[in-house]
Amino acid sequence: GLCIPVGSDGRVWVVRSRPGEGPNVVVYGLDADGGVAGSHWQRVLRNHRIHGIKERRSPSPEAEPRTLAVFGGKGLIVLELCARGKEVSLTELCQLCELHDWIWDLQWLAGSTGTLTHVGLALGHNSVALYDYASHRTLREVHCEEKCILYSAYLVGDSWDELVVVAGTVFNQLVVWRVADGSDEEARIKPQRRVSGHDGVIFSICYLKSKGILASASGDRSIRVWDVGDLQAPRDPVRCLLVCYGHQSRVWSVRLLSDYLISIGEDSACIVWNYNGEVVQSFRGHKGHSVRAVAVHEARGWVATGGADTGVRLWHIRGPEPNGNGLVQLNFSPPHRNGSPKAVKLVDASRLLVMTDAGAIYSYNLASKCWALVMEDVNYQSYCLLEVVQLAKGIVLCAMGNLTGHVKVFSLCCPTESEEKRLYEGKVHSLSWAACPGGDPSRHVLFASGPGGVLLWLEVSCCSSGRVASVVEKCCYLLPVCRHRWHTSVAFLPQEGVLVCGDRRGSLLLFPCSTALGSGTEQMGQGAGQGDAADDPVGLISSQGEGNRPVQGPISLLFGLHGKLGVTSVTCQDGFVYSTGRDGCYRQLQVQDRRLQVLRKQKPCKGLEWIEQLHFAPDGNLLVLGFHASHFVLWSTRTNEKLHCVPCGGGHRSWSYGRWLASEVFAYIKSGDILVYQSRCGPSRQHVLREPLHGRELTCVRHVGTIRNRGCRPVDILVTSSEDMTANVIAVSESSRSLAPLAAIGDHISSVRALAVASGSWREETADWSAVLFSAGGRAEIECYRLLLSCDHDARRGVACQVIHVASHQLDEHWDRMRNKHRVIKMDPETRSKGLLPAGAGIAADSPIESHPGQLVCALNLGAQESSSARNLPQCVWFPRRHFLCSAATDGSLAFWDITATLEHAAAALELASGELQPFALGAPSLTVQAHSCGVNSLHVRQTAAGPYLVASGSDDGSIHICLVAVDTALSEPSPSLPWDVVPPGASAGARVLLLEAFSRPGAHAAHVTGLRVLRPDLLVSASVDQRLTLWRLGKDSLVFLGSRFCHVADVAELDCWGSEERGYGCVLCGQGLEIVWCMARAGPQPLPSCRALE
C-alpha cells in the first residue's frame, strides 16, 4: 500500500508497506525536489500483510496531525501521523481490529451523530460492513445478491446511506450496488448495474467523480475506462470510452487524474496515459516482476511506486513537452558539400564535425543550424580517421590519419596551421586522445596504431593562441600478435606510473610510462592467454619496430578478456581501471605490483550486448553507453532504467555522444546523412527512496558476520541469492530496522541456487575483514569471490564492501573453443548445483588464492536430471578435521562419504594439471541412513562438546529427523555429558562413521521443512513453507515444542542462523522476501569482537 499526505510545512510524506515484510509501515519524508529527508519504521499489523492505506480527508489540506487507516488480510488499525520538522511519529489510535473476512477497500464515513470513528469496509465475499474502530464493533453488514469471491472492490460515498460499491467479481464483471437499497440486514441487495467487457480477472477499480468515469485494470493486460456518470444513479447502459493496451502482462492497479490515468503491472512498468489512449510516459526501473503499489501527488506531479523487488521509487510526471526529445535530420546533401559523410564527432553541446570521403571536414552549429567548411585535404580522402578533443581552455584539437601512414593534427580555431607527420609505411589503424599525465592544460597525448602492432605516444603542445606548436614522439609500444592488431582506447594511471591499453582483440595491456623515447626496452610480459591458430598471442621480443624505433612490450597482459570483438573503452576512476567491450560486460580492475588484476565483471542489463563507454556522473551514478540490437541505449545502473533509447540502426556506423550540464547530444550517420538526437538535462525523472534487493524469489541466504559501525551498533552482513541470476551483499541494521545493499554480483548465467562463506579474518595492514564467498547455480557454474568489508564512516550504514572475483568454473566453459564439437556429446545443460560448501583444506579467507579455478577445493553436489533420484543432492555439510562429507538426497536418505583420498588426488592433480580439471568421483558412501520417506530439503550438522555430531534433516513430508553419528576417533572415551546414552548399535571394527542414535518427529510442520539449524546441542530451530518458524528442545529421544512464530515470507527456501551474546540468535529466512527474527536465547560466552572486526 502507498499513501502521500502533505504536511503543513509543505513537506510530503510517503507512507508505504514493505513487500515481503508484511505488517511493517515505513514513512519517508521528502524535500521539495523529491529527495529523502527522513524516514520512520513501525510494525503495525502483526500477522497480516498490508493491502492498503487510506488517509482521512481533513477540512484543511494542511491540518495536522493526519489520520491513516491501514488494512490488510482481515486486520485493520488506525494510526495518527504527526510530523515536526524531520521528526515523524506514528501513534496507534486503536488496537488491531480483526474481522471475519478479507478487507478489499476502506472508506472513511461520517457517523449519524458526527462521530469520526466509522469506516465502511468492502469485504471479500461482496459484502460491506459499517465498523466502529474505537469500540471494535461491526455496526451493520449488508450483502449483495451476487454472492461470489471478489478480486477487487471500490467504495464511493461519505456516509453509510450514500455508500456505493463497485465490485470486481470472479466472473470478470463489474457489479455496481448501493448499500441503502437493502430493506433489512437479512435481505440481499440487487445490483444496479453489471458491466462486462474484460476477458480476465479485474484487479483494480478507480472512480473520478468530476468526470463521471470509472477505470478498471484486468488480467487481460488492458485498462478500460467506462462512462458511468453519477454512481448514485449510473447510466444505463454503461459505455466503454477507452481501452488501453500497453502492458506486457497483467495490470495490477489503475489511478485516475484530471489529465492522465496511471497504471502499474506485472511487467514492472508504470505507464502514464492521456485520455486519448496514448502513452505519455513509461517508467521502468523496478527489477524483475511486478510493481505492486502506486500513489499519486497530482499537484506536484509525483508518482510513487513500490515493487516486488522491495524498492520504492518516486517519478515525475512531465507531460508532453513542446520542445521535447527527438531526432533531427541535418540534410547533408552532396550538391552543397563535397563527398559523403564518413565520420562524425561532437565538439560541444552546440557543434559537431563531419568528415567526408573526399577529405573535407565540415562544422555544424546546432543552435544556428549553419554549415561551415573547416578544411579540405585530398590526401585524406577515401579512408580517413578523425578524433576530436576539447582542452581545459576551450581549445579544440583534431587529429586525422590516412592510408599512407600520415597523421595531421590541427586546432579548430587555426585549421590551416597544422602539424603533419608520416608515422608508418602503411595505414593508420586507430587514433585516440588521452589527457596528459602531468596535468599540463596546454598539452595533450595522442596515441596512433599502425602496421605490425606498433603503438606511438605523441605529445601535442599548443600555443597561447590555440595553434598547434609541436607534435613530438614520446614512446613506442608493441601490441601482441593477433589478427586485429591495433589499440581502441588508452588511459593513464599516473599514481602507478603506467598506462592501460585496450585492443581490438579484446585484450587489456599495461605499459610503463617512459619519459623519453628510447629510455629503455622491456620484453612483453607473460600471462597471455591461449587463442586459436589465427590469434596466437605470442609477443614480439625484438627491440626494433617500424622505422627502427625502440619499442616496449606490455608488462602485464590479459589476453582476450573481452572476447574477439574487442575492447571499446578504458577509463580510470578513483584508482581503479574500468573497461568495456562488445561482450556485454564491463569490468573493474586494479593494478597491483604492476600487474592487472580483475576485481569484478558486471552485465548492466539483459540484451545490452555491446557496451561502448562508461560515464561517471557527479552524483555517483554510473551511466553505461551501448547498443541493444539496433538501438543506442543510455543505461543508469543506479535507477536500473534506460534513460535514452535511440533507433540509430546499430553501432556499426560512425557516431558520437556528449553529455553536458544543460543537454545531451547523440549524433550518427545513417543512409548518407547526419541525424542528431538532443535531450535537455532537467532534474532527475526519479528518486530511489529505497534500493531494491532482488527481482525474483530468493533461493539462499548466508550470514557473513557482524560489524560495528561508528556508533558501535552491530550491523549484520548477509549474502542473498535469487532466481534473477544475482547475489547481493547487504547490511542489516537492527537498531534502525533498515537494509542497505552494499554490492551486487551478476556473473551467473542462470539462477543462483547455493551460497557458502568461508570463515574470514581481520587484516591489520589494510584494516578490513576478508572472507571468501562461493556461489553456484545452473550449468554447474561455480563462482568464487573475496569480500573485503571495512568500517567506513562515509559509506552507507558505515560499512564499505569491495568484491574481488577470484575464480570461476562452468560445466561447458570450453565448449565454444572446442574443435570438432559435432563429434562430442555435450553435457546436459540442465545440470544444476544444488549444494555448496568450502572444503577445509587450506581455504582460509586470508590465504592467497590464484585465479586458476583448480586452486579452490570445494565440495559440490550436481543435481542432474537422471532416471534415479537417489543422488540429487540439495545440501552438503563438511565434517571438520576429518575428510567426511554428509549429503542428503531426494529419496529421503542421508549418506556419509569418506573423501580423504579424493582430496589428496585433487591436491596432487592441481600441481600437475595444466588444463581443465575434471570432477573426481566419491566412490561408495561409508554409511547410509534412511531418514525420511521422501526428499530431504534441509540439512545441518553440529559437533557436540564430547566429539560426536548431531545431524538434523527436514523433509518434504514435514518431518524432522535427528541422528547422532561419530567418526572412529571420537569413540575412544564416551562422555556421560551427551544427551543420549551412547551405545553404537552394530559397530564393526574399522568402521569410519558410526550411527549412535536416531529418532524423528513426524508432522513437525504442515509443509516442506526447507530450513533448520542446530543452535546448541539442546536447541533446534526449523522453518517451513507453512510460514512457521519453530523452536525445539532436543531431548533424549524426542523433539519438544517450545514455541512458534508466523513469518511473512512465503515459500521459505532457506534459513541461516548466527549467535550473539547481546542479542541471542539471529534467524534469517528467505523466499518471497527476506525476514530476520531474533531468538532470545543465550548464544554462548563468546563476546562480540572490537568495533572494527567481524564476528
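Biologist: Why is Y133 counted as buried?

Modeller: In this predicted model, Y133 has 5% relative accessibility, and buried means under 20% relative accessible area, exposed over 50%, partly exposed in between (1.4 Å probe, protein chains only), so Y133 is buried. W108, with a relative accessible area of 11%, is buried by the same cut-off.

Biologist: What makes V170 partly exposed?

Modeller: V170 has 35% relative accessibility, which lies between the 20% and 50% limits, so it counts as partly exposed.

Biologist: Why is the pair of W108 and Y133 called edge-to-face?

Modeller: Rings of Phe, Tyr and Trp (its six-membered ring) pair if their centres lie within 6.5 Å; planes under 30 degrees apart count as stacked, over 60 as edge-to-face and the rest as tilted. W108 and Y133 are 6.0 Å apart, centre to centre, with 90° between the planes, so they form an edge-to-face pair. The two residues are 25 apart in the chain.

Biologist: What makes strand 16 and strand 18 a pair?

Modeller: Two strands pair if DSSP finds at least two bridges between them; strand 16 and strand 18 have three, in the antiparallel sense, so they pair. Strands (E, at least two residues) are DSSP runs, numbered from the N terminus.

Notes: Residues are numbered from 1 along each chain as its sequence is written. This is a predicted model: local features need pLDDT of at least 70, side-chain atom pairs count only at pLDDT 80 or more; totals for chains, interfaces and linings use all residues. Side-chain values use heavy atoms; hydrogens and water are left out. Helices (H or I, at least four residues) and strands (E, at least two) are DSSP runs, numbered from the N terminus.
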